[in-house]
Amino acid sequence: MKGQGGCRGGGKVPKTARKALEGRKLGEKFITIQGMRCENCKNSVERQINQLPGAAAKVELRKNMAVVALDRFVSDEELTEAVEKAGFQVTKIEYKEA
């Protein structure tokens, strides 16, 4: 699968450490992502989203989705930019209050 879509294929991307929120969880955003195919893809997306203050991501590879817990406002644009930086495309973002 190397070289297809956003898949990094081949090279091993280190597993992302679980990120804890600094404050109380205010809600979650569910991001549907196109192009993820492997653990490396998953780890790349988690790492990029987790760099955003107030966001802690867990990617569900089989569902092509990232579940992002939030302790402050993080815009859809910031999340989309993080996913695109990892090499993938956002197709939908939904928000659910805590």
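Analyst: The account below begins with the model as a whole and then turns to a single strand and its surroundings.

This is a predicted model, in which local features need pLDDT of at least 70 and side-chain atom pairs count only at pLDDT 80 or more, while totals for chains, interfaces and linings use all residues. Residues are numbered from 1 along each chain as its sequence is written, and side-chain values use heavy atoms, with hydrogens and water left out. The chain has a mean pLDDT (the predictor's confidence in each residue, from 0 to 100) of 89, and 86% of its residues reach 70 or more. Over residues 1–6, however, pLDDT stays under 50, and the model has nine contacts for them beyond four places in sequence, a contact meaning heavy atoms within 4.5 Å.

The chain contains two helices and four strands, where helices (H or I, at least four residues) and strands (E, at least two) are DSSP runs numbered from the N terminus. From that terminus on, the elements run β-α-β-β-α-β. The four strands make an open sheet in the order β2-β3-β1-β4, with antiparallel pairing; two strands count as paired if DSSP finds at least two bridges between them. The edge strands, each pairing on one side only, are β2 (55–60) and β4 (89–97), and the twist averages 20° from one strand to the next.

The strands β2 and β3 form a hairpin with four residues between them. Asn64 lies in the loop that joins these two strands and has a positive phi of about 55° although it is not a glycine. With a relative accessibility of 29%, Asn64 counts as partly exposed; that term covers values between the cut-offs for buried (under 20% relative accessible area) and exposed (over 50%), taken with a 1.4 Å probe and protein chains only.

β3 also pairs with β1: six bridges join these strands, which run antiparallel, and Ile31 has Ala66 as its bridge partner in β3.

β3 is mostly covered, with six of its six residues buried. In a regular strand the side chains alternate between the two faces of the sheet. Here both faces of β3 are covered, with Met65, Val67 and Ala69 buried on one side and Ala66, Val68 and Leu70 buried on the other. For comparison, buried residues make up 43% of the 98 residues in the chain.

Val68 deserves a separate look. Leaving aside residues up to four places away in sequence, Val68 touches Gly27, Glu28, Lys29, Ile31, Ile49, Ala55, Ala56, Ala57 and Leu79. Val68 is also listed, with Ile31, Ile33, Val45, Ile49 and Phe88, among the residues with the most contacts inside the largest nonpolar core, which has 20 residues. Such a core is a set of buried Ala, Val, Leu, Ile, Met, Phe, Trp, Tyr and Cys residues joined through side-chain atoms within 4.5 Å. The elements giving two or more residues to this core are β1, α1, β2, β3 and α2.

α1 lies across β1 (27–34), β2 and β3, and runs at about 165° to β2; axes are lines fitted to C-alpha atoms, for helices over the stretch in contact, and angles run from 0 to 180 degrees between N-to-C directions. Helix α2 (residues 76–85) packs on the sheet, touching β1, β3 and β4, and its direction makes about 140° with that of β4. Because 10 of the 12 residues of α1 are buried, that helix is largely enclosed by the rest of the structure, and its cover includes β1, β2, β3 and α2. One of the buried residues of α1 is Gln48, with a relative accessible area of 16%; beyond four places in sequence, Gln48 touches Ala82, Lys85 and Ala86.
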